[in-house]
Structures are given as C-alpha cells and as structure tokens.
Amino acid sequence: MSDATGVERAAPDDRARASARWSWPVTPVRVTEAYAAPPSPYAAGHRGIDLAALPGTTVTAPSDATVHFVGVVVDRPVLTLDHGSGVLSSYEPLAAEGLAEGDQVARGAVLGIVDEGAHCSGVCLHVGVRVNGEYVSPLLFFDRVPHSVLLPLGRR
C-alpha cells in the first residue's frame, strides 16, 4: 500500500506476520478480551489483548528487546519494549522495578509483576503492539493462539 507521499509500505498485518514468534508474558495463557481495531486512529477500540493475570503475577519478556519506556501513563504503570524493525510492545499495569529506558532484556527475563490499575478491574495484563506507530493485534506475534473452549449455553 502507498502512504501519503506515494512510498510503498507493507500493511501493518503483513509486517507483523513476518516477525519471529514470541513467548507469552504470563502463564497460563487465557485471553480475556480480544483486539478490536478502531474504525479510525482516534475512534474507540481495544488496541491490544487482555490476558488473565492477578496482581503479583510475574511478567516475562516475550523476546529479546530494549526497554523503550517505563513509567506511569494516566493512572497505571506501563512498560514498553522495542523489538526492532519498528515493533513496540506495551504492558499495563506492570510494576517494572529496576528497569530503565535503554536496558536490554532477553526473551524470558522477568520484567516485573502485574500491578493494580488495569482497565479490567485488576484481573488482567493488557498487551498492546504497534508496528511503525500503528496498532496491530498482538496475537500475530505469539507462539500460538490459545485454544478456544466452548461452554454449554445452559438451560433456559
């Protein structure tokens, strides 16, 4: 696809699919809310996925990366990793004590623990991914998508 200057660019999903697969930052893996792309860059949407995780759950690096940002955004602690090639991943609420911008982290290294303040009432870790500034589904990056579990509808 071409941008406003006429330069050919790969679509964000194409770039995301081309990257190496990441390990999950928390285990066991249970996606509690899926990515929901907004219709425009400024519209409402869920620009990431939520993984089931209670406060105090250990969070690990999904791949080798550089700490891009560590601090508080609005009212929750956030950590952003730079994976290279324009790929950034963010984790919130994450208490990342001892990490600073520019630190190198290896796949599987402890990043911190899930803290209070998540938009899902303190029972999740929100994971967002941007490729060249555009949000994409984080599920495109991980080892595998967890299996769906179909539950009975129940009696009415």
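Visitor: So a strand is a DSSP run of E, at least two residues long, and strands are numbered from the N terminus. In which strand does Val114 lie, then?

Guide: Val114 lies in strand E9. Keep in mind that this is a predicted model.

Visitor: Is Val114 buried or exposed?

Guide: Val114 has a relative accessible area of 2%. Buried means under 20%, so Val114 counts as buried.

Visitor: What is Val114 in contact with, leaving aside neighbours within four places in sequence?

Guide: The contacts of Val114 include Ala53, Leu54, Pro55, Gly56 and Thr57. Val59, Pro93, Leu94, Cys124 and Leu125 are also among them.

Visitor: And how far apart are the C-alpha atoms of Val114 and Ala95?

Guide: They are separated by 6.2 Å, although Val114 and Ala95 are 19 residues apart along the chain.

Visitor: Back to E9. What is the order of the open sheet of three strands?

Guide: The order is E3-E9-E7, and the pairing is antiparallel. Strand E3 (58–60) and strand E7 (94–95) are the edge strands, each pairing on one side only.

Visitor: How many bridges join E3 to E9?

Guide: Three bridges join E3 to strand E9, which covers residues 110–114. As an example, Thr60 has Val110 in E9 as its bridge partner.

Visitor: Zooming out, how many helices and strands are in the chain?

Guide: The chain has one helix and 11 strands. From the N terminus on, the elements run α-β-β-β-β-β-β-β-β-β-β-β.

Visitor: What share of the residues counts as buried?

Guide: Of the 156 residues of the chain, 40% count as buried. As for contacts with a separation of 6 or more, 62% are accounted for by residues 24 or more positions apart.

Visitor: Why is E5 called largely enclosed by the rest of the structure?

Guide: Because seven of the nine residues of E5 are buried.

Visitor: How many bridges join E4 to E5?

Guide: Seven bridges join strand E4 (residues 65–73) to E5, and the two run antiparallel. E5 also pairs with E6 in the antiparallel sense, over five bridges.

Visitor: Which residues stand opposite Leu79?

Guide: Val70 stands opposite Leu79 in E5. Leu79 also stands opposite Tyr91, which is in E6.

Visitor: What about the turns, which residues have a positive phi there?

Guide: E4 and E5 form a hairpin with two residues between them, and Val74 in that turn has a positive phi of about 60 degrees. The hairpin of E5 and E6 has two residues between the strands as well, and there Ser85 takes a positive phi near 55 degrees.

Visitor: Last topic, the rings. How many aromatic pairs are there in the whole structure?

Guide: A search of the whole structure finds three. In one of them, the rings of Trp22 and Phe142 have their centres 5.7 Å apart and their planes at 85 degrees, so the pair is edge-to-face.

Visitor: Where do Trp22 and Phe142 sit in the chain?

Guide: Trp22 is in the loop between helix H1 (12–17) and strand E1 (31–33), while Phe142 is in the segment after strand E11 (134–136). The pair links distant parts of the chain, 120 residues apart.

Visitor: Are those two buried or exposed?

Guide: Trp22 counts as buried at 4% relative accessibility, and Phe142 is buried with a relative accessible area of 1%.

Visitor: Why is the pair of Trp24 and Phe142 called stacked?

Guide: Because the ring centres of Trp24 and Phe142 are 4.1 Å apart and their planes are at 10 degrees. Trp24 lies in the loop between H1 and E1 and Phe142 in the segment after E11, so this pair ties together parts that are 118 residues apart in sequence. Trp24 is buried too, with a relative accessible area of 9%.

Visitor: Which residues form the aromatic cluster?

Guide: Trp22, Trp24, Phe141 and Phe142 form one aromatic cluster.

Conventions
Residues are numbered from 1 along each chain as its sequence is written. This is a predicted model: local features need pLDDT of at least 70, side-chain atom pairs count only at pLDDT 80 or more; totals for chains, interfaces and linings use all residues. Side-chain values use heavy atoms; hydrogens and water are left out. Two strands pair if DSSP finds at least two bridges between them. Helices (H or I, at least four residues) and strands (E, at least two) are DSSP runs, numbered from the N terminus. Buried means under 20% relative accessible area, exposed over 50%, partly exposed in between (1.4 Å probe, protein chains only). Contact means heavy atoms within 4.5 Å. Rings of Phe, Tyr and Trp (its six-membered ring) pair if their centres lie within 6.5 Å; planes under 30 degrees apart count as stacked, over 60 as edge-to-face and the rest as tilted.
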